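Here is a quick walk through a two-chain model. Have the sequence and the coordinates open as you read.

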Amino acid sequence: MAASAPAFPQGPVASRGGMTGRRRRNLIAGYAFLIPNLLGVLAFSLFPIATTIYLTFHEWNLSDTPVFNGLQNFVLMAGDSLFWKTLGNTFYYTFVAVPVAVFLAFWLALLLDRKMRGVLSFRVIYFLPHVTLTVAASIIWAWIFQAEFGLINWALSKINVDGPYWLTDSRWAMISIIIMSNWKGIGYAMLIFLAGLQGIPAELLDAATVDGANGWRRLRHVKVPLLTPTIFFILTTSFIGAFQAFDQFMIMTNGGPAFATTPLVLYIYRNGFAYFKMGYATSMAAILFLCILAITLFQWSVARRWVYGFDMDN
Amino acid sequence: MNTISTEAVQGRPAAGLGAGTSPMGTERSRLLGNLGAWGLLSLGGIIMLVPFLWMVLMSFKSLDEVYTFPPQILPNQFLFSNYAEVWDQVPVARFFSNSATVAISATLGVLLTSSLGGYSFARIDYPGRNTIFLLYLSTMMIPFAVIMIPLFVQMRMLGWINSLYALIVPGLFSAWGTFLMRQFMMGIPKELEEAAEIDGCGHFRIYSTIIMPLCKPVLATLAIFTFMGFWNDFLWPLIVISSRDLKTLPLGLAGFQQKVALNTPWHLVMALAVVSVLPILLIFIIGQKYYVRGIVTSGLKGAA
């Protein structure tokens, strides 16, 4: 414990007398304030982590005693075509939905950054889907995508296009879910971009204007560079979120048709709670974690090449 | 943020030497730009709002009106009875009170534990503090989907499967909330409490009479985030709750939609959707300021 002493060099401890009594009081108070919280965090995150590690090496159907099976879970996974299929679905969803959402949200934020009438209402409107329950939003969109009576195919029929069977056609189901997810998620990214844009000092943009920079150049050479930390933040958090998306897949297609929209999380859920393969499901969850970790670490490692001020802060 | 911004541009050569456009020209192009922006935003805004509008309209239609092509936009008459019918078919009041019980208790719990923990991390010096704080930061990085099965196993060991305890108790503690409170409390000047300390106040008095009143805005942010998170949550209740009387709104809604796979009474499903969405939209609109502030601070903290 003495080793952590340098961790609080600035404390007022040294500035007054009665150190030991004060120090002891701080120690007691510090832990007393923290204990309820600490116990909870330990119980509901460290315990599951330990259980994860245990279960990855076991086969367990939830009722009998778990049986140690070494790396069998991972061997099984390597040969499980549905595991690869659903992992692929997760990647497909993530790497299409996130870049599209970030791109659209960026332009949306630029439009909403103007000083004009009604702009505040627009911000609220674009943000409403984000606070809506995903389950409710998925149900609404399931009907909007409905092939025979849905709004989209009706709109398409107006321009003489025969709309597809969105949610039951394996070519279109994932795209439909991506559309719904971006409808729901764009407001969040927009708001963070907006905060970033409004953090850019007006003098900088004025100075650029005086120097003859037109709108495009101000965007390209002032706003975009200054927003790179914001883009980085949105990309990292959105990737993590997209890897775990579940509700819309469960509600809109229930993973179908023919597993075309089963993401890894849904496959894990089924293995755990429909087939009771707890060890196998947990092992896949561990792989999911490693994927998220790898992508996050990769983003951090390339960040210094494009994110402004990344070195300074980290 | 601001320091980064300033440095960025100081290090950047000016974009060009050309003279600026005449003031009149810029004014006119600004107006034209606004007009274009307005057009685009309205178009997008319609796309954002149509699903909500459609949900509300469908909830008042008869089943025949739902199944028509081309879609009938307005119902022949607004059937408020749909809402009563949902009430008859599923225990809406139970769903509602379960959702409210879970969301409110978890929110109160998180406010209490996070503010106490945040105070401990931000304003008390003691050995081991920084190590424990690092531990908190690392638990924040573990996605829920990864630990859902072990967490289920844990609830089973505690005998909480199919009980609201499984929804509430793990939710009483939040590493993220503790982090948020700590960051805010770090910004409160030390002198404030030093005076109190000379007067003989202990930490609990300082926490409750000096620090907490100053924390109102961040407490509001944390409260709204936590409440909405629990109100909207689907996967975890889906895992631990099975009996109908314990379902929360998202779970009840999903169950109602899937129960009757073939002839889904879409008008009733939409009525239930309206009931579940309305409270959260109201809370958002009332607490907008705090919600937005929370997103913005967490966004900038992560970014900078």
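Let's start with Phe259(A), which is partly exposed because 17 other C-beta atoms sit within 10 Å. Keep in mind that this is a predicted model. Phe259(A) belongs to the loop between H10 and H11 of chain A, and its phi is positive, about 65°, even though it is not a glycine.

Look for Phe276(A) in the loop between H11 and helix H12 (278–306) of chain A. Phe276(A) counts as partly exposed, because it has 13 C-beta neighbours inside 10 Å.

## The nonpolar core

Now for the inside. The largest nonpolar core has 164 residues, and those with the most contacts inside it are Met190(A), Leu272(B) and Ala273(B). Which helix gives the largest share of this core? That is helix H7 (residues 173–198) of chain A, with 15 residues. The core also takes at least three residues from each of domain 1 (18–72) and domain 2 (74–313) of chain A.

Ala273(B) shows how the chains meet here: leaving aside neighbours within four places in sequence, Ala273(B) contacts Ala136(A), Ile139(A) and Ile140(A) from chain A, plus Met55(B) and Leu253(B) from chain B.

## Helix H7 of chain A

H7(A) has a kink of about 40°, centred on Gly185(A). How far apart are its end C-alpha atoms? They are 38 Å apart, which agrees with the 38 Å that 26 residues should span at 1.5 Å a residue.

## Where the chains touch

The contact between the chains takes 93 residues from chain A and 93 residues from chain B. On the side of chain A that touches chain B, the largest share comes from helix H1 (residues 19–56) of chain A, with 19 residues. By class, that side of chain A has 66 nonpolar, 21 polar and 6 charged residues.

Ile142(B) gives a local view. You'll find Ile142(B) in the loop between helix H6 (129–139) and helix H7 (144–158) of chain B. Not counting residues up to four places away in sequence, Ile142(B) touches Ser45(A), Ile49(A) and Ile147(B). Is Ile142(B) buried or partly exposed? With 18 C-beta neighbours inside 10 Å, Ile142(B) counts as partly exposed.

## Domains of chain A, and chain B overall

Chain A divides into domain 1 (18–72) and domain 2 (74–313). Their C-alpha centres lie 33 Å apart, and the contact between them takes 11 residues from domain 1 and 10 residues from domain 2. On the domain 1 side, H1 and strand E1 (58–59) of chain A each supply at least two residues.

As for chain B, its secondary structure comes to 15 helices and 0 strands. Buried residues make up 40% of the 304 residues in chain B.

Note on methods
Residues are numbered from 1 along each chain as its sequence is written. Chains are lettered from A and ligands numbered from 1 in the order in which they are written. This is a predicted model: local features need pLDDT of at least 70, side-chain atom pairs count only at pLDDT 80 or more; totals for chains, interfaces and linings use all residues. A nonpolar core is a set of buried Ala, Val, Leu, Ile, Met, Phe, Trp, Tyr and Cys residues joined through C-beta atoms within 7 Å. A residue is buried if 20 or more other C-beta atoms lie within 10 Å of its own, exposed if 12 or fewer, and partly exposed in between; C-beta atoms are placed from the backbone. Helices (H or I, at least four residues) and strands (E, at least two) are DSSP runs, numbered from the N terminus. Domain bounds come from an automatic or database domain assignment. Two residues are in contact if their C-beta atoms, placed from the backbone, lie within 7 Å. The expected span of a helix is 1.5 Å times one less than its number of residues. The bend at a residue is the angle between axes fitted to the seven residues ending there and the seven starting there. Ala, Val, Leu, Ile, Met, Phe, Trp, Tyr, Cys and Pro count as nonpolar, Asp, Glu, Lys and Arg as charged, and the others, Gly among them, as polar.
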